[in-house]
Amino acid sequence: MGGSASLLPREALGEYQELTFLSKQEILLAYKRFSELLPKEERENACSVRVPKSQILKLPELRANPFQHRICHVFSTSDNGDDSMSFEDFLDMLSVFSDSAILEVKSHYAFRIFDFDDDGILDRKDLEKLVNCLTGQGEDSQLSNAEMEQLIQNILEESDIDKDGTINLSEFQLVVSRSPDFASSFKIVL
Amino acid sequence: YYSNVTLNDPCASSPNENMCPLARPPLPYNMPLAYVFSVGVSFLVTCVLLVYSMSRSFRESYRVGRSARDLAVKVFSAWDFKVIQRHSVKLQHENIHTQLKELLVEHRSRSRSLSVCQYLRRSAALLLAWAFSLSTVLGCVLAVHRFSEYMHGCVGKWQQEAILLVLPFLVSSFNVLMPHLYNWLTMWEKHDSPVAEVYVAICRNLILKMVVLGLLCYQWLSRRVVCSTEECWETCVGQELYRFVVMDFIFTLLDTLFGELVWRLILEKRLKRNQKPEFDIARNVLELIYGQTLTCTWGSAPCLQTSLMQNCQSPSKPWQASHMSTIFITLLCFPSFLGAAVFLSYTIWSVRPSETCGPFQGLETIYKSGKTWLQVLEKSNPNITWFAWVHQHLVENTFLLFLMSGLLLAMIYLNIQVVRGQQRIIYLLKEQIANEGEDKIFLIQKLHSIYKQR
């Protein structure tokens, strides 16, 4: 860690500390792990290079996660839609998933991750894809159609306050605030 | 060689029989009492540990208040992003799947009521399955009883040792084959919830094992069929128990190695499906408990506690831990621990020890050894008569025992009521929050309608 610390400029380190929820050690560790994803020639200017999605998904923290594609998509600021991440995107992601991030930030990003069609609301199709991600992709592990219908119906009954058949961000945040372990489960630590 | 006499006689090892300068010790070492106390103390310790762990798991399982309005919360906060190993991720998938199924079943049973025809069909299927399983239990018991009588009748003709192994072999093979039969039965029954399937399977296996064990204990204690020809019935019964324990161990090993392997291969190749986790849980835990009951009866009670605690916290269980482990510990430990305790108490209090062998020879019952020791104690040292007084008035006095057990029951009842009261409070508060939410919905809709009118 001492070697890579010299590559990350101190002003940048201070800036990142102010802009994210991460501590100094966490930022340095993130820098080290990010530069390991790059080929050797590009490690010098890791701050300005974009890492392709396939490389990001090789991280052990994301490798087996069923929401890996959504996470890359939500945090990527790439213009050409290839979901590649720069170092700042990577820090952004780690900041939201860190221990010290507040509940509003976590629930905001959780909403965006669960919104599979990116239309700003969770409708029935989003909820169905969410449940399928949770139960696993195998044939046996998915719920039957009747159970899925019943489950989505119950979720909408409980969380859809304005009865428009979809869940918007405020309704989602209200539901999540009732859960005591959302904050601790929505966490990734390097 | 080591009997009570030889241990206490200081001249036993000297070759010269006439000269014995050492005097007999005033308070000799009482071997029968040592036997009784060591077994009793270990049982007491096991009992205390069991009750403590039971109370702890009860507390944990009652703390979680399950309500119907938590489905959305559960779905949105279900996934733990900290889990990164592939195997753990798979387990989490299964866990969430089972939990969602359970919650849905709860909702369904609460919201709809079955039509009369469906209700009748369901009850008929249930009755049939239970009648079948109980009749198989009866059949196994009759088979064991008949076979032990037949064995007793023809013990002189064949090789002694080989024929004595056949009864344990029979009992162990029943214990291995019947659970598989019951699993097929539960698959045929098609219960709604996975938890109900596991509970039903556990009940059936438990009934089978307890009834067969009960029959065997009765045979050992009455000695009408087994060990009736021998003088030293303790040795004979001990040997029988030992045979059962070893045979059960071998069968469990073979069943685990080959049974599960072959089963998994068959299922994967023919049906292309993974084996359901429910089969393993009920059967494996019961196998463990059964093996431990036998060992416990044999007298090494501390093993029961430690290995049970280790095995009941197995990390491969894809279930809600608290509720299931409570049920396991209470329903399964208590029949088996109580059964072993009852068996041993009956042996100590009522059964007459054999005349010519064992440490209790000559006594009327094993319990009398304690009484005779007290009399010796009084005679040898008049200063400790208070001990004898304590024993007579506190331990032998039945009124005190009734009082203490009454106090204990009262404490348990109070604790249960307190927990129930807290649960009720939680339920009422949740209802209040839900009603306030509905009020807000009503107000928002009113506002919308007024806004639209403008």
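Before we go on, a word on the ground rules. This is a predicted model, in which local features need pLDDT of at least 70 and side-chain atom pairs count only at pLDDT 80 or more, while totals for chains, interfaces and linings use all residues. Residues are numbered from 1 along each chain as its sequence is written, chains are lettered from A and ligands numbered from 1 in the order in which they are written, and side-chain values use heavy atoms, with hydrogens and water left out.

Let us start with chain B itself. It has 14 helices and 0 strands, where helices (H or I, at least four residues) and strands (E, at least two) are DSSP runs numbered from the N terminus. Of its 454 residues, 36% count as buried, that is, under 20% relative accessible area with a 1.4 Å probe and protein chains only, with exposed meaning over 50% and partly exposed in between.

For a look inside, find B:Q219 in helix α7 (residues 194-222) of chain B. B:Q219 is buried, because its relative accessible area is 3%. Its side chain makes a polar contact with the side chain of B:S148 at 2.8 Å; such a contact is a pair of N or O atoms within 3.5 Å, where within protein one must be able to donate a hydrogen and the other to accept it, and residues adjacent in sequence count only if both atoms are side-chain atoms.

Now turn to where the chains meet. Chain B brings 30 residues to the contact and chain A brings 44 residues. Together they bury about 3,200 Å², 68% of it from carbon and sulfur atoms; buried area is the accessible area (1.4 Å probe) that two parts lose on being put together, summed over both. B:F76, B:F81 and B:L104 supply 26% of the area that chain B buries against chain A, more than any other three residues.

The rule finds 1 salt bridge across this interface, meaning a side-chain nitrogen of Lys or Arg within 4 Å of a carboxyl oxygen of Asp or Glu. B:K101 forms a salt bridge with A:E147, with the closest N and O atoms 3.9 Å apart.

Note on methods. Contact = heavy atoms within 4.5 Å.
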